[in-house]
Amino acid sequence: MTNLGSGTVYTETVVWSPPEAYVNDVPYQLAIIELEGGRRITGRIEGDRVQIGERVSFTEFRNNVPFFRKSS
Amino acid sequence: MRQVAIVGIGKTAFGAFADRDLRSLAVEAGQKALEDAHAKPSQVEVFNLGNFAGPSFVGQNHLAPYVAAEMGITGIPATRFEAACASSGAAFFHGVSAVAAGLYDVVLVTGVEKMTSQTTPRVTEILAGAGDLCGEVRAGATFPALFAMIARRHMYQYGTTREQLASVAVKNHQNGAKNPLAHMRKVITMEQALNGKPIAEPLTVYDCSLISDGAAAVLLVPFERAAEFTDKPVRVLGTAQTSDYVALDEKEDITTLQAVKTSAQKAYQMAGVKPADIQFAEVHDCFTIAEIIAIEDLGFVKKGEGGPYSLAGRTCLNGELPVNTSGGLKSKGHPVGATGVGQICDVAQQIRGEAGERQVRRNSLGLAQNLGGSGATSVVTILGAA
């Protein structure tokens, strides 16, 4: 799969009331990431929580869902 | 194009009704609208049913003839309209179009949803079907999460605060407490609203509308025939439906819902009025942030000023622009497929001077705004006194 590279958090939330498929994941952070080049994608944040404007790096796809982590 | 009138309105109570099925709710609302217009089922020439997810919530499909036949209505076009939470707004828009075009004279538009027979995680999943399943929903987005992300961005760009969001909930519960058909008829305090259980940060349970059962209906005829049905017709001055991208991450600026702006512009133009002329409105407060964005995108206030305007009480029942005098989706309830027509009934009720202790004084020009998904469908309707 493609490496999405790094990007900036455009917006985010922490979900506490999940859909049926994700009841075991809560709470989880969901974010819209603006990638280099301007394209936006919705993905999950792993590790430390992030805020709007912070830099994140792509880690991997899990079940076609892109995961990102706060850039060090 | 012919002028269209609403000559009958009918609503069930909104709430959690374990003993009621989808069809009985839709039939009750439709019969009330017909009775209100002194009309017989045999006079109905078209039946439009707004319903978002009956097949998922209750398993039944082919809903429009299923409901119509139970009312004794057969032999006519009976069609279900699906546009997420704007399903019955869309059913209404197309009903008005048919009458305005001169194709039909008597059109019954009903909206219905039966949601409470499912668990909250299951309801959350069914509602998420109004989002993009291959992108945002697969990543774990729920509708509260999508609007939470809109709220975060609105806070970031315009300094909107938690108190401003909460003030919408407090105000809508004040109104809903006075509405005999509302789902949650209780007032809440600012402190409660600020300290609710988190659903999707920064939204708490008090920022979210309710999971409800209910139905609403209106009867439409050409204005020139209104007197055959009622002595209190309400004029449909303008109605417009527009679309946009389904996925939130495809919208250029998520603090503005483009479909709301375009549908509002078209409806204002059709009605020949300006935002400042509107005296009161029912807007789609599926979440508190949605009401703040709605009053901005409808042109009542400038972008970014919706929060301060709400917190200052200007949208209260006795404010300069009463918004959601019914209690809104927050307190009145949100049986999603019924919401669009429900709002139109609420605006019509105000124009007819029948809103009881919620009655607004300036009641000759009102607006209803019905939103589907995170803004992929918007229907704006402007109603006026005859």
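A: Two strands pair if DSSP finds at least two bridges between them, where strands (E, at least two residues) and helices (H or I, at least four) are DSSP runs, numbered from the N terminus. This is a predicted model, in which local features need pLDDT of at least 70, side-chain atom pairs count only at pLDDT 80 or more, and totals for chains, interfaces and linings use all residues. Residues are numbered from 1 along each chain as its sequence is written, while chains are lettered from A and ligands numbered from 1 in the order in which they are written.

Q: In which sense do strand 1 and strand 8 of chain B pair?

A: Strands of a sheet pair through backbone hydrogen bonds, either parallel or antiparallel. Here strand 1 (4-11) and strand 8 (234-243) of chain B pair in the antiparallel sense, over three bridges, and V4(B) has V236(B) in strand 8 as its bridge partner.

Q: What is the order of the strands in the open sheet of chain B?

A: The nine strands run 3-2-4-7-1-8-11-10-9, with mixed pairing. Strand 3 (78-81) and strand 9 (280-282) of chain B are the edge strands, each pairing on one side only.

Q: How many residues of chain B are in contact with chain A?

A: Residues are in contact if their C-beta atoms, placed from the backbone, lie within 7 Å. By that rule, 26 residues of chain B are in contact with 25 residues of chain A. Helix 5 (120-128), helix 6 (143-158) and strand 5 (198-200) of chain B each supply at least two residues of that side of chain B, and its largest share, seven residues, comes from helix 6 of chain B.

Terms used. Two residues are in contact if their C-beta atoms, placed from the backbone, lie within 7 Å.
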